[in-house]
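My entries follow in the order I made them.

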Amino acid sequence: MPVVQPIKIAILAMGGEGGGVLADWIVSLGEESGYVAQTTSVPGVAQRTGATIYYVELFPAQGGQQQPVLALMPMPGDVDVVLASELMEAGRAVQRGLVTPDRTTLITSTHRVYAIGEKTAMGDGRVDNDTLLRHASSAAKQFIRFDMSRAAEQAGSVISAVLFGALYGTGVLPFSESQFTDTIIRGGVGVKPSLAAFALGAQNARLEEAAPVVAQPAQPAPASARVAALLARIPQELPASAHGIAIEGVRRMLDYQDVAYGALYLDRLNGLAQLPGCDNEVLLREAARHLALWMSWEDTIRVADLKIRASRFERVREEVHLQDRQLLSINEYMHPRLDEVCETLPAALGRWLQKPGMVHRLLRSATRKGRVITTSSLGGYLLLWSLSRWRRWRRLTLRYQLETTRITQWLHYIARAAAFNPALALEIVQCQRLVKGYGDTHARGLRNYQILIDIVKRHERHLAPASLRELRDAALADEHGNKLRECQQRLALN
């Protein structure tokens, strides 16, 4: 007699996404259809606010036989269906061996909720989505994926209902659509939006994969003649491979400052392109990207501007699902340090305040603690609005002078290295990744960046590109600089 095996389903979901409800629905679906069903859960607190693995087994009831013994947790290589509420959780399932190409149907949402490690990394700590999708696709027998978070939002429900619909749409379970929908109705909570989300999930799961459409970048159509003239310089001065990045760089400069600042960006980029060895396409494209990032540094003016933008208020309203009769209060914790206050002032005044003295001590005492600013109130909004308007005079500030000196020095070392070693020049370009953020984050990154530039200055002719890359990765891996010091000692580059 053939051995009857249970249907084994693993659900990976985070808090608030209805993973427990989804597990209960599957159990109810099985029991109402004559199956013996069991669900267990293994809570996890190591990821974003805690991700839980729910495990369900469905065994077809057979008359006269004893109750089957069902497992309490999923085992690698022994799972029929994996449901993941987020792309990284699908990746974790693959890593654990729960997904196998000869057996497992993997159903996942393609949206991301970044892990703490990704958010706190000094560099770009995000895991590449394409890499996750590629590994998941090769690991699964059947791979169903789409943005379930958006579908849930459209239906006014939660992602568990979309996953339930996608589970039906794959056809891997021996139950009809009416059996699925009756399960939701029996639950009696949020029935209408859950059914709408279920329908979206089932529909998306049935869609055949179409050939990917390569999106053509939108051609800018500026209304201003000055902006049009600025963009017209790009095809005249730069190679085609750098056009897209340069256009975005100009757009960023306009948002950050003004047209003249965009012209300065192109002047610096064009000046670099004219130098020996800098005609390398990869080098110039990366220089265009990192120059735009550096020239839009996050000073107190920029932070204030971003905090009070209408788009930000709208995004917060959407994230908290603000209703028509509800009031929204946004409290911003801000802690500008003494140096940041001085750097926001005109250069001469800022330098004077940085010198030791009574005024310096009073200002340091006043900035020792942070403060909470309610940007949703008139007073808090006007305070940050006034600071953001100071950008008209940003060129007079001490911070502008300091960053201009640093950018000029950076471009100088790029040009010098490109003349004899373009690969080293590319690594110097990417050292800009260390200089980011504001407050303590910016101070630590700038300190590590200066260490690397000093090494370039001392060992320029004998420094291998791989060594500088290793030093930069060490600096990005540890905010305290311990790994960078260890790497310096190992490479004998102190």
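I looked up Glu403 and found 0% relative accessibility, so Glu403 counts as buried (under 20% relative accessible area, with exposed over 50% and partly exposed in between; 1.4 Å probe, protein chains only). Glu403 sits in helix H19 (residues 398-418); helices here are DSSP runs of H or I with at least four residues, strands are E runs of at least two, and both are numbered from the N terminus.

The model is predicted: local features need pLDDT of at least 70, side-chain atom pairs count only at pLDDT 80 or more, and totals for chains, interfaces and linings use all residues. Residues are numbered from 1 along each chain as its sequence is written, and side-chain values use heavy atoms, with hydrogens and water left out.

I then checked the partners of Glu403. Its side chain makes polar contacts with the side chains of Trp294 at 2.8 Å and Arg399 at 2.7 Å. A polar contact is a pair of N or O atoms within 3.5 Å; within protein, one must be able to donate a hydrogen and the other to accept it, and residues adjacent in sequence count only if both atoms are side-chain atoms.

Next I looked at strand S1 (residues 7-14). Eight of its eight residues are buried, so S1 is largely enclosed by the rest of the structure. Ile7, Ile9, Ile11 and Ala13 lie on one side, and Lys8, Ala10, Leu12 and Met14 on the other. S1 runs antiparallel to S3, joined by eight bridges, and pairs with S4 in the parallel sense over four; pairing requires at least two DSSP bridges between the strands. I noted Glu57 in S3 as the bridge partner of Lys8, and Val81 in S4 opposite Ile9.
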